[in-house]
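Here are my notes for your first look at this model. Please keep the structure open as you read.

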Amino acid sequence: MPHASFSKFTAHEFLKKLRKEDPTLLNEFNVDNITRKYHLWQRNSLPFELTNEETLLHKLHYIHNNPLQKHWRLVDAPEKYRYSSAEFYYEGMDRFKILTHWNERE
């Protein structure tokens, strides 16, 4: 289950980063649970296999536009949402210094 490994790895990395750089924000992820102290990912998230370019672009569009949805209204343009890759795709800016364009992947 690659998605489980990905979730576990990234959660640990996020925790390390937050402990070091923003312990106050870390409190936002605190849960009252006997098996864990923090919860970073949605439980029972379902992986979705990207089998072709059309599906990939559809999902990327969905992810980029999700912060604009009426029930969130976090920003008024996809590239303005700080935690999105939209800024990278629309303006060529990689604030994370880790992004690779989907069509440049091997």
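1. Start at Lys97. Lys97 counts as exposed, at 70% relative accessibility. Here buried means under 20% relative accessible area, exposed over 50%, and partly exposed in between (1.4 Å probe, protein chains only). Lys97 sits in the segment after H4. Its phi is positive, near 60°, and it is not a glycine. Most residues other than glycine have a negative phi.

2. A word on the source. This is a predicted model: local features need pLDDT of at least 70, side-chain atom pairs count only at pLDDT 80 or more, and totals for chains, interfaces and linings use all residues. Residues are numbered from 1 along each chain as its sequence is written, and side-chain values use heavy atoms, with hydrogens and water left out.

3. Now Arg73. Arg73 also has a positive phi, about 50°, without being a glycine. Look for it in the loop between H3 and helix H4 (86–91). Helices (H or I, at least four residues) are DSSP runs, numbered from the N terminus. Arg73 is exposed, with a relative accessible area of 62%.

4. Next, the aromatic rings. How many aromatic pairs does a search of the whole structure find? It finds four. Rings of Phe, Tyr and Trp (its six-membered ring) pair if their centres lie within 6.5 Å; planes under 30 degrees apart count as stacked, over 60 as edge-to-face and the rest as tilted. The Phe6 and Trp41 rings are tilted, because their planes meet at 40°, with centres 6.3 Å apart. Phe6 lies in helix H1 (residues 2–21), and Trp41 is 35 residues away. Phe6, Phe14 and Trp41 form one aromatic cluster.

Notes. Helices (H or I, at least four residues) and strands (E, at least two) are DSSP runs, numbered from the N terminus.
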